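Please look over the model below before the questions start.

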Amino acid sequence: MAQQQKIRKAVFPVAGLGTRFLPATKAVPKEMLTVVDKPVIQYVVDEAAEAGIEHFVFVTGRGKAVIEDYFDIQYELEQMLRERNKNAELTLLAGLLPKAGTASFTRQQVPLGLGHAVWCARDIVGSEPFAVLLPDMIMSAEKGCLRGMVELYEKTGGNVLAVQECDPDQAHKYGIVGVGEAVGNGFRITQMVEKPPKGTAPSNLYINGRYILQPEIFKILETQERGAGNEIQLTDGMLTLAKSQEFSAYKFTGETYDCGAKDGFILANLAFALQRADIRPAIEEPLKALIASLK
């Protein structure tokens with residue numbers, strides 16, 4: 001197979017209102033809530049960077065300007081750190097800053113769904129394949145999820161979705177894929193079913209918030225009718241695209257935390273804190289004691 005066009009750009013839909021985290025999200029975007037000491041969005045951007053992404057496209061909305069400020073220099077803070085010889089902190093901040101010109105921001109003025117948010121990035125992405133990473137979903141694994149997807153894409157081309165196992169009894173809550181022939185480190189997708197009725201799911205593999213898509217999706221989303229929730233759904237657009245292009249799946253085997261839900265957010269904080277050598281010794285025993293006290 002001829003070499004595939006490189007995945008250079010990633011889209012981050014960050015325009016959501018975060019109503020499940022009110023009152024905090026009245027003033028702070030949900031993507032800026034911290035897991036240990038980094039905003040949720042930083043974990044997702046780090047995953048994209050590990051996979052070789054060169055251009056980060058954020059689809060924002062009203063009240064999200066702080067995300068743009070976060071990925072910029074703050075002169076007063078950095079000057080104070082220099083004056084106090086806080087070199088470790090300066091190095092940390094410099095390492096998180098995207099290179100000049102590699103972060104773009106565009107507005108989704110009206111919350112019309114994930115498909116519409118992706119469509120809003122069309123002029124920045126242009127006519128090349130791109131990744132989409134849902135910022136609510138942060139992942140923990142030896143190899144980043146998007147990196148594994150890119151490796152599969154380099155063998156298969158087309159479109160690639162990340163999937164993960166769920167309890168078969170819970171499959172009706174997710175977008176589920178059908179399993180076809182093995183290819184590379186994944187398999188061909190035979191069908192996509194959004195929230196199938198209980199007992200009808202083609203597998204227990206759900207789409208976990210990571211996508212590699214061909215640019216033809218934009219033309220489809222431009223005229224896509226509203227679907228579930230009266231919103232323009234990305235899944236509906238992918239189903240249309242699947243009529244003319246192949247979809248493959250990368251089976252992610254790490255842990256995924258849905259930080260758009262309170263339980264997932266709390267579990268992510270615990271999991272990532274316990275991975276930190278500078279934090280685990282201080283919290284491990286108190287956590288064990290707390291669990292032991294539960295009745």
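**Strands and rings**

Five bridges join strand S1 (residues 9–13) to strand S4 (residues 55–60), and the two run parallel. Strands are DSSP runs of E with at least two residues, helices runs of H or I with at least four, numbered from the N terminus; two strands pair if DSSP finds at least two bridges between them. This is a predicted model, where local features need pLDDT of at least 70, side-chain atom pairs count only at pLDDT 80 or more, and totals for chains, interfaces and linings use all residues. Residues are numbered from 1 along each chain as its sequence is written, and side-chain values use heavy atoms, leaving out hydrogens and water.

Student: Are the rings of Phe 130 and Phe 218 stacked or edge-to-face?

Tutor: Rings of Phe, Tyr and Trp (its six-membered ring) pair if their centres lie within 6.5 Å; planes under 30 degrees apart count as stacked, over 60 as edge-to-face and the rest as tilted. A search of the whole structure finds 10 aromatic pairs. For Phe 130 and Phe 218, the centres are 4.9 Å apart and the planes at 10°, so the pair is stacked.

Student: How many residues of S1 are buried?

Tutor: Buried means under 20% relative accessible area, exposed over 50% and partly exposed in between (1.4 Å probe, protein chains only). Lys 9, Val 11 and Pro 13 are buried on one side, Ala 10 and Phe 12 on the other. The number of buried residues in S1 is five of the five.
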